[in-house]
Amino acid sequence: MKRILVIGAGFAGLWSALSAARKLDELHHGADEAEVAIVNPAPFHSVRVRNYEQPLDPTLVQLDTVLGPAGVKLIQAKATDIDSANRRVCIERDGATEALDYDRLILAAGSVLVRPPIPGLERFSFDVDTYAGACKLQAHLLTLPALPDTPGRYTAVVVGAGLTGIELAAELPSRLREIVADDDRGKVRVVLADRSTHIAHAMGGAQPVIEGALKTLDVDTRAGVSLESLDAQGVTLTDGATSERIEAATVVWCGGMHANALAGQLPVTLDPLGRVPVDAFLRAEGVPGVFAAGDCARILIDGTRPSVMSCQHGRPMGRYAGNNAVCDLFGMEMLPLSIDWYTTICDLGPWGAVYTEGWDRKLVSEGETAKATKRTINGERIYPPRTGVREDIFRAAAPVVQTPPPTQRNPTQREDPR
Ligand SMILES: Cc1cc2nc3c(=O)[nH]c(=O)nc-3n(C[C@H](O)[C@H](O)[C@H](O)COP(=O)(O)OP(=O)(O)OC[C@H]3O[C@@H](n4cnc5c(N)ncnc54)[C@H](O)[C@@H]3O)c2cc1C
């Protein structure tokens, strides 16, 4: 029996597995001929992009509810080694090591938060990189009212103003105010710090809108500063010449992502983000039998630009990788992936959101209009069908490129003033 093995059940891995199962079904290859198996440490698919939100329960999809109807086998384990020469993957399950042979492998183990060796970072910072990290942050916030009344008890510093840091900072004032006693609401303070000269510097036409929204939400911003150190009482930021001390019981590190270390086990030259270079068919360059998708992989998404670590790219990469792994296995023509649009939708908490189009991030909508689109994306578009119906799941797993998320265009559109 042939085996298509997928590592990781995030956006790329889940859709890889479902797409491979769909293609096998279409080709009428039965379970005695070929199987699709997916290795993932948790029994759930985490809608990771929602980790800045509360509550977190709706961000989990139990894998058996989606994989079961599709006939995909879930192996709840952690992949530890890839031996691409012998087409074998080692996994750790319940403390024991096992080897799994494969005919085609799809590496979709995602990415991890970059953690530079900043004093105190490992010990004192929180993150929203994973479901577990986001739960830990919320559990900590709930303890704040019981802590001694120090100056930084209700101060949260978010370090890193990429999309994740902005989305979290925009949510935190209201999240903290919900937790603290009425008399203490005035003590809530949220600071967003970044080493770039402008907060949201890469957001094109949306940059001034984001700055304005953060101001309305009472988020203090610090641009042009790096995190020097942190301890149990707060952080020290530096612009290289002077330092600023901020007392804070909560520090959240949002310092960027790096591909999963498993990518480094393939005999390829990784890109600066640690990603495996793949061709238009999602094949790992120069590694027979191996495909890669999502944050682990770097594809030229429109033929010229590298993919972005995002679910926007990870999901279609998965749908094509799964389809192509089956086609490759059975000697059929594969489909090249090419996406000619790019959008960014950044949540700005109670203020709303911003929606931009294109690689230069032209502002399309803002406020409640963009928020309605963000809600649809976060609550529906990026979820697998939850009907439990095999046909629904296979329809969603077809290797096609979706159109951009529809949005109403706001009447007033601003250009990037810079
Ligand atoms: C707070 C936050 C907000 C974000 N917002 C957006 C957004 O608005 N839009 C957007 O497009 N992107 C956003 N992103 C980025 C997006 O979440 C990632 O790009 C996306 O999750 C990548 O999908 P993936 O499948 O490659 O990896 P992941 O979703 O990380 O999934 C990887 C899977 O592999 C599993 N895995 C890891 N190691 C192993 C192993 N050794 N063995 C087996 N399994 C393993 C993991 O447990 C996980 O299930 C955001 C990220 C964060 C953290």
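This is a predicted model: local features need pLDDT of at least 70, side-chain atom pairs count only at pLDDT 80 or more; totals for chains, interfaces and linings use all residues.
An oxygen atom of the ligand lies 2.8 Å from a backbone N or O atom of Ala-12. For Phe-11, the distance from a backbone N or O atom to a ligand oxygen atom is 2.9 Å.

The shell around the ligand holds 30 residues. Ala-12, Asn-40, Arg-48, Asp-295 and Cys-311 are the closest. By class, the shell residues comprise 15 nonpolar, 9 polar and 6 charged. Five elements are listed as giving two or more residues to this shell: helix H1 (11-26), strand E2 (34-40), strand E6 (78-83), helix H5 (163-179) and helix H7 (311-329). Shell residues come from both domain 1 (2-112 + 258-340) and domain 2 (115-255), so the ligand lies between the two domains.

The cysteines were examined next. The structure holds 0 disulfides. Cys-254 is in no disulfide, and its nearest cysteine sulfur belongs to Cys-346, 12 Å away. Cys-254 is buried, with a relative accessible area of 9%. Cys-327 is also buried, at a relative accessible area of 1%. Both values fall under the 20% cut-off, so both residues count as buried.

Asp-127 sits in the loop between helix H3 (121-124) and helix H4 (131-143). Its relative accessible area is 11%, under the 20% cut-off, so Asp-127 counts as buried. The side chain of Asp-127 makes a polar contact of 3.0 Å with the side chain of Arg-115. A polar atom of the Asp-127 side chain also lies 2.9 Å from the backbone nitrogen of Asp-129.

Glu-366 is part of strand E24 (residues 362-366). Glu-366 is buried as well, with a relative accessible area of 12%. In sequence, Glu-366 and Arg-409 are 43 residues apart. In space, their C-alpha atoms are 8.4 Å apart.

Conventions:
Residues are numbered from 1 along each chain as its sequence is written. Side-chain values use heavy atoms; hydrogens and water are left out. A residue is near a molecule or strand if one of its heavy atoms lies within 4 Å of it. A polar contact is a pair of N or O atoms within 3.5 Å; within protein, one must be able to donate a hydrogen and the other to accept it, and residues adjacent in sequence count only if both atoms are side-chain atoms. Helices (H or I, at least four residues) and strands (E, at least two) are DSSP runs, numbered from the N terminus. Ala, Val, Leu, Ile, Met, Phe, Trp, Tyr, Cys and Pro count as nonpolar, Asp, Glu, Lys and Arg as charged, and the others, Gly among them, as polar. Domain bounds come from an automatic or database domain assignment. A disulfide is a pair of cysteine sulfur atoms within 2.5 Å. Buried means under 20% relative accessible area, exposed over 50%, partly exposed in between (1.4 Å probe, protein chains only).
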